[in-house]
Amino acid sequence: MSDSPVVLRDLLMGATRTLRRRWHDLLNPWELSPHEHRALRVIGDTDTPIRLGVVAKALRIAPRSATEVVDRLESRGLTERLPDPADRRAVCVQLTDNGRTVLDELDSARDTDAAEVFARLDPSERADLARLLRKLVDDAPR
């Protein structure tokens, strides 16, 4: 098998597509999209309510799009809006108890799936893969 840059690119893209497809499938029981999960993760990564603009920035989407994502999460009882104590014109969002439970379940399911995927590699191969991928990721610690 060739190790040309084109072949390596296609293999890496194929591996990424496999992980993404598995993640889409894994989210089905919760009826959430990967985008909604990412929003839950951003909102859940803080102990205090955060502004919708911060959510939008973290997701790299327009504030209007963040509002729509949060609307969907709120309609499912996963998030709630609160007034910003520092600026009454602004709105903050936080996870509900149900949202925290769902996020914990999703994290566990995703971790279990990753363990299943990477179990195909022995420990030495996983260490080599991690080392090589770190060289390719622009912002990864060296």
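Accessible areas in these notes come from the Shrake-Rupley method with a 1.4 Å probe, and for residues only the protein chains shown count as cover. With that settled, I looked up the accessible surface of the chain: about 9800 Å², of which 54% belongs to carbon and sulfur atoms.

I note that the model is predicted, so that local features need pLDDT of at least 70 and side-chain atom pairs count only at pLDDT 80 or more, while totals for chains, interfaces and linings use all residues. Residues are numbered from 1 along each chain as its sequence is written, and side-chain values use heavy atoms, with hydrogens and water left out.

Next, the elements. I found six helices and three strands in the chain, in the order α-α-β-α-α-β-β-α-α from the N terminus. Helices (H or I, at least four residues) and strands (E, at least two) are DSSP runs, numbered from the N terminus.

Then burial. Of the 142 residues in the chain, 27% are buried; buried means under 20% relative accessible area, exposed over 50%, and partly exposed in between (1.4 Å probe, protein chains only).

I also checked contacts (heavy atoms within 4.5 Å). Among those between residues at least 6 apart in sequence, 51% join residues at least 24 apart.

Last, two loop residues. Glutamate 31 lies in the loop between α1 (5-27) and α2 (34-44), and its phi is near 55°, positive in a residue other than glycine. I have glutamate 31 down as exposed, at a relative accessible area of 66%. Arginine 60 sits in the loop between α3 (52-59) and α4 (63-75). Its phi is also positive, about 60°, although arginine 60 is not a glycine. Arginine 60 is exposed, with a relative accessible area of 78%.
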